[in-house]
Amino acid sequence: MNPKYAPLFQPLTLNNGVTVKNRLAVAPMTHFGSHADGSISDQERAFIGNRAGDMGLFIAAATLVQDGGKAFPGQPEATGEHCLDSLKETAQLIQKQGAKAILQIHHGGYKAMAELNRRDKISASASEVEGAREASAAEVDELVASFARAADLALRAGFDGVEIHGANSYLIQQFYSAQSNRRNDKWGGSLENRMRFPLAVVDAIAAVRDKHQRNDFIIGYRFSPEEPQENGITMTETFALVDALVQKPLQYLHVSLHDFFSCARRGADSQRMRVDLLHQHIGGKLPLMAVGGLLTAAQIEKAWATGAAELIALGRAVLLNPNMAELLKSGEYDRIETELDPAQKAKYRYPENLWKRNMQNAGFLPKVKGA
């Protein structure tokens, strides 16, 4: 191994005493592979079963917490007791490869797909464009409880932790953003009120951990730092959210970036990288995980060398290289692939719908409307 990559394979001990064996994480990836009822399929088993090797953490795909919020065909579920066996198997598949298994818990809000759900599409506020109505106060409480129930299922299924999906304009972010939250009750209006829902979800999940007396259960929180819309989230508002989150019993924060090296847009120095600004603002109170288009060994090393993240998450790199961490560890950097090879379908072990989508995105198949 080139010595400059060695720090990526140093352990990290979290504030609850749990040690992660290295600084690499598999980012949560939508694989479109579960059965219609959200249970694990053979295609999903194949996909998960060989991608956690030499990784510190493996964050499973966004997993539904409540009917009405399913945002992808083939999305896994943690909606009730009937999901427990499937969740157990998922956790074990990851852990057998030596990584900590983290379940990302998710609700699509107005981005849910009506045809995949039985319940109405709800969000912080109504959206005529998205066909969603405003959640009632009772429904908001139910949503908070659904995240807690999913965390309880994950803990009992043997997962090492959960990641709260508060990013990418899904439900939790919809509550925090003034662009999508126009409520006039305690869940909307001021920044403090809009922050109430994300923090309530964190508190409810922490209460689950306390109930089980499982301080070793990891809780992470994923967020997107900015939105492009006029009333969308700015870096200033994200700093405020981070200030509140670091006061909670979390183990890490995870910033979702399209480009790791991208600079701030509004509310902070536009000449500085978002991840650097965030890391400075967090000030060591929690580890920061960052993801963002890192495909090559050189890009990964460059990201690590910024010193702006304690954990580096890899998404597409792991899609293309199931043994990505092994290649980094062994110094086989020239074997790292950065483009999909349509002749190597069997090697990738994608669920069929994921393969089709990747082939379409790479231009090997025509895109289908709505796909």
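The paragraphs below go through the cores, salt bridges, pocket and cavities of this predicted model.

The largest nonpolar core has 110 residues, and the members that touch the most others are Phe-197, Tyr-221, Leu-253, Ile-312 and Leu-314. Helix H3, which covers residues 137-157, is the element that gives the most to this core, with 11 residues. Phe-197 shows how such a member is surrounded. Apart from neighbours within four places in sequence, Phe-197 is in contact with Val-140, Leu-143, Val-144, Phe-147, Leu-171, Ile-172, Phe-175 and Trp-187. There is also a second, separate core of 15 residues, with Leu-12, Leu-14, Val-20 and Ala-27 among them.

Charged pairs are the next topic. The whole structure contains 21 salt bridges. One of them joins Arg-45 to Asp-42, with 2.7 Å between the closest N and O atoms. Both residues belong to helix H1 (residues 42-48) and are 3 residues apart, about one turn of the helix.

A salt bridge between Glu-142 and Arg-119 has its closest N and O atoms 3.1 Å apart. This pair links distant parts of the chain, since Glu-142 is in helix H3 and Arg-119 is in the loop between strand E5 (100-106) and strand E6 (122-123), with 23 residues from one to the other. Glu-142 is partly exposed, with a relative accessible area of 35%, and Arg-119 is likewise partly exposed, with a value of 35%.

In the salt bridge between Arg-194 and Glu-237, the closest N and O atoms are 3.6 Å apart. Arg-194 is part of helix H5 (residues 191-194) and Glu-237 is part of helix H7 (residues 235-245), so this bridge ties together parts that are 43 residues apart in sequence. Both Arg-194 and Glu-237 are buried. Salt bridges also form a network, which links Glu-81, Asp-152, Arg-156 and Lys-211.

Gly-68 is located in the loop between strand E4 (57-64) and helix H2 (84-95). With a relative accessibility of 3%, Gly-68 counts as buried, because buried means under 20%. Leaving out residues up to four places away in sequence, Gly-68 touches His-107, Ala-112, Asn-117, Arg-119, Asp-120 and Lys-121. Asp-341, by contrast, is 273 residues from Gly-68 in sequence, and the two C-alpha atoms are 36 Å apart in space.

The largest pocket holds about 1200 Å³ of space. It is lined by 43 residues, of which Asn-168, Arg-222, Ser-256, Leu-257 and His-258 are the closest to its centre. Strand E12 (311-314), helix H10 (316-320) and helix H13 (352-361) are the elements that give two or more residues to this lining. The largest share comes from H13, with 4 residues. By class, the pocket lining has 18 nonpolar, 16 polar and 9 charged residues.

The largest cavity has a volume of about 80 Å³. Among its 16 lining residues, those closest to the centre are Ser-34, Glu-44, Thr-63, Pro-76 and Thr-90. The elements giving two or more residues to the lining of the largest cavity are H1, E4 and H2. This lining is made up of 7 nonpolar, 7 polar and 2 charged residues.

The second largest cavity has a volume of about 60 Å³. Its lining includes Tyr-221 and Ile-172, of which Tyr-221 is also one of the core members that touch the most others and Ile-172 is also a contact of Phe-197. Other residues lining this cavity include Gly-166, Gln-173, Tyr-176, Pro-198 and Phe-223. Helix H4 (171-176), strand E9 (218-223) and H7 are the elements that give two or more residues to the lining, and H4 has the largest share, with 3 residues. The lining of the second largest cavity has 7 nonpolar and 4 polar residues, and no charged residues.

Definitions and conventions. Residues are numbered from 1 along each chain as its sequence is written. This is a predicted model: local features need pLDDT of at least 70, side-chain atom pairs count only at pLDDT 80 or more; totals for chains, interfaces and linings use all residues. Side-chain values use heavy atoms; hydrogens and water are left out. A nonpolar core is a set of buried Ala, Val, Leu, Ile, Met, Phe, Trp, Tyr and Cys residues joined through side-chain atoms within 4.5 Å. Buried means under 20% relative accessible area, exposed over 50%, partly exposed in between (1.4 Å probe, protein chains only). Contact means heavy atoms within 4.5 Å. A salt bridge is a side-chain nitrogen of Lys or Arg within 4 Å of a carboxyl oxygen of Asp or Glu. On a 1 Å grid over the protein atoms alone, a cavity is a set of points where a 1.4 Å probe fits but cannot get out, and a pocket is an open set with protein on both sides within 12 Å along at least five of seven lines; lining residues have an atom within 4 Å of a point. Grid points are joined across faces, edges and corners, and a volume is the space filled by probe spheres set on the points. Ala, Val, Leu, Ile, Met, Phe, Trp, Tyr, Cys and Pro count as nonpolar, Asp, Glu, Lys and Arg as charged, and the others, Gly among them, as polar.
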